[in-house]
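Dear colleague,

Please find below the structure that I am handing over to you, followed by an account of what was found in it.

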Amino acid sequence: MRITEHPILDFERGPEITIYFEGRALRAYEGETIAAALHAAGIKVLSYSHRLGRPRGFFCAVGNCASCLVEVDGEANVRACITPVRDGMRISRQRGKGDLRVGT
Amino acid sequence: MTSVLEPEVAVVGAGPAGMAAALAAAEGGADVLLIDREHRLGGQLVKQTHKFFGSSDQEAGIRGIHIAERLGERIRQHAAIRIWLGTTVIAYYPDGVLLAEKAGHGLVKAKPRCLVVATGAAERHLAFAGNDLPGVYGAGAVQTLMNVHGVLPGQRALMVGAGNIGLIVSYQLLQAGVQVVEVIEAAEEIGGYAVHAAKIRRAGVPIRTRHSVLKVEGDSCVEQAVVARLDEGWKPIPGTERVLQVDLVCLAVGLTPLTEILWQAGCRMVWVPELGGHVPVRSETLETTVPGVWVAGDAAGVEEASTAMIEGELAGLAAAHRLRPLKEFDERCRQLRQALAELRAGPLAAKVRRGLARLEGGTC
């Protein structure tokens with residue numbers, strides 16, 4: 001959910017765009033991170049742990065902890081918490097360690 | 001292969017310390033490269049909606065978000081400062097090359113003559129069952145989500161930790177419309193300022209000291225938390241467990257300096273718990289044991305944004321002075337050290353003073 005009224009802050013959101021999470025179209029705003037857009041849509045589980053497959057969300061939201069790794073347009077290990085959304089971006093939950101794209 | 005940029009000064013981290021360092025170095029005549037992994041300047045200032053304490057010289061009475069805007073504006077207008085945002089430094093080599101990953105550009109390199117490490121700190125985690133469930137978030141993460149992006153981190157929150165960060169973020173959760181069920185603190189005393197504790201108590205939020213979280217449960221996300229009272233030996237007292245219906249468990253249990261680059265540079269590091277963990281040995285002008293490498297802000301020891309800005313200025317100035325001796329250097333250093341001493345004079349800075357004294361006395 002998004003905060004609509006706040007005693008101190010005015011949220012100047014960028015233009016509305018569409019992103020896709022696990023194939024589902026979601027509304028997002030330019031300038032926000034993937035993690036923020038997903039959380040606003042009620043999506044907290046971003047990946048699954050390597051060995052036990054336990055659900056993972058973000059923890060630090062500043063790019064430190066690697067708890068929020070997602071796959072974006074086929075690229076694995078993208079930190080959802082510091083990567084801005086882009087119109088048409090396709091995001092999916094990461095399972096395991098992901099594959100390196102060789103030769104790019 | 002990518003070309004190597006050769007700035008006179010590189011500053012890693014564009015929070016309060018790094019921004020102040022970049023400005024001081026640039027104003028001291030150096031050409032500067034300022035690097036940050038985020039896509040905006042400001043570091044953690046961009047989510048600090050509370051007003052700062054201290055004297056007016058250190059931006060007291062001004063909200064952190066506005067300090068970030070002011071500094072950011074000055075940096076962007078300074079012709080001698082180049083900014084790399086969305087850029088994560090991943091290595092520092094013995095030949096002085098910084099390797100970084102820059103969004104949209106792949107790997108980039110810079111070989112500065114002077115380096116200021118202002119990488120800040122990471123939030124600590126806490127050991128309890130279910131601590132990996134989504135909904136267990138760092139207090140700073142919660143601030144980012146609600147104060148920067150305007151997204152609610154949850155509906156009902158348990159705050160773990162009653163230091164200043166725990167208290168301030170609890171108040172900010174209330175401002176955002178989140179119900180803070182309670183604030184728990186393992187220590188006997190509330191660690192933060194009384195004025196912050198009073199604000200959330202007035203809003204009806206209980207602060208329970210000598211309490212900790214035992215476990216968090218839920219299918220795929222946090223649905224409830226179990227808390228209990230602690231005895232004198234920090235052990236949970238059987239029979240005092242209570243189940244709290246919450247979807248957010250916010251951890252405000254301290255920070256630890258982010259020092260990977262300093263380790264890689266070969267700086268002598270010492271363990272100072274009062275400063276949050278391993279910190280570099282440094283001179284009065286914050287130069288580490290590796291000549292040409294300075295440290296400033298939380299990376300030098302966890303404190304506050306106000307001290308971080310002065311440390312940044314001191315380090316940036318010292319780097320500029322190394323390149324081209326500045327006439328008023330000694331006097332300005334003296335003033336900045338005096339300002340640091342004043343900010344560290346209060347009772348809540350006792351721990352920091354103790355840590356710095358041990359570091360300077362070489363008794364770590």
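**Findings**

In chain B, strand β6 (residues 98-102) and strand β7 (residues 106-110) pair in the antiparallel sense over 5 bridges. Helices (H or I, at least four residues) and strands (E, at least two) are DSSP runs, numbered from the N terminus, and two strands pair if DSSP finds at least two bridges between them. Please note that this is a predicted model, in which local features need pLDDT of at least 70, side-chain atom pairs count only at pLDDT 80 or more, and totals for chains, interfaces and linings use all residues. Residues are numbered from 1 along each chain as its sequence is written, while chains are lettered from A and ligands numbered from 1 in the order in which they are written.

β5(B) and β6(B) form a hairpin with 5 residues between them, and B:Gly96 in the turn has a positive phi of about 85°. These strands belong to an open sheet of 4 strands in chain B, with the order β1-β7-β6-β5 and mixed pairing. The edges are held by β1 (4-5) and β5 (87-92) of chain B, each with a single partner strand, so one side of each is left without a neighbour in the sheet.

**Domains of chain B**

The domain assignment of chain B gives domain 1 (4-122 + 255-361) and domain 2 (125-251); such bounds come from an automatic or database domain assignment. The C-alpha centres of the two domains lie 30 Å apart. In chain B, 6 residues of domain 1 are in contact with 8 residues of domain 2, where contact requires that the C-beta atoms of two residues, placed from the backbone, lie within 7 Å. The side of domain 1 of chain B that touches domain 2 of chain B has 2 nonpolar, 3 polar and 1 charged residues. For these classes, Ala, Val, Leu, Ile, Met, Phe, Trp, Tyr, Cys and Pro count as nonpolar, Asp, Glu, Lys and Arg as charged, and the others, Gly among them, as polar.

**The interface between the chains**

Between the chains, 28 residues of chain B are in contact with 28 residues of chain A. On the chain B side, the elements that give two or more residues are β9 (121-123), β10 (136-138), α3 (139-148) and α4 (164-176). Which element gives the largest share of that side? It is α3(B), with 6 residues. By class, the side of chain B that touches chain A has 11 nonpolar, 13 polar and 4 charged residues.

In α3(B), 10 of the 10 residues are buried, so the helix is largely enclosed by the rest of the structure. A residue is buried if 20 or more other C-beta atoms lie within 10 Å of its own, exposed if 12 or fewer, and partly exposed in between, with C-beta atoms placed from the backbone. The cover over the buried residues of α3(B) includes α1 (34-40) of chain A, together with β9, β10, α4 and β17 (248-251) of chain B. Just after α3(B), B:Gly150 takes a positive phi of about 70°.

**Two backbone exceptions**

Most residues other than glycine have a negative phi. B:Trp234, although not a glycine, has a positive phi of about 65°. B:Trp234 lies in the loop between β15 (224-229) and β16 (242-244) of chain B and is exposed, with 10 other C-beta atoms within 10 Å. B:Leu286, also not a glycine, has a positive phi of about 70°. B:Leu286 is found in the loop between β20 (277-280) and β21 (293-295) of chain B and counts as buried, with 27 C-beta neighbours inside 10 Å.

**Chain A**

Chain A contains 1 helix and 7 strands, in the sequence pattern β-β-α-β-β-β-β-β. Of its 104 residues, 38% count as buried. The mean pLDDT of chain A is 91, and 96% of its residues reach 70 or more; pLDDT is the predictor's confidence in each residue, from 0 to 100.

Yours sincerely
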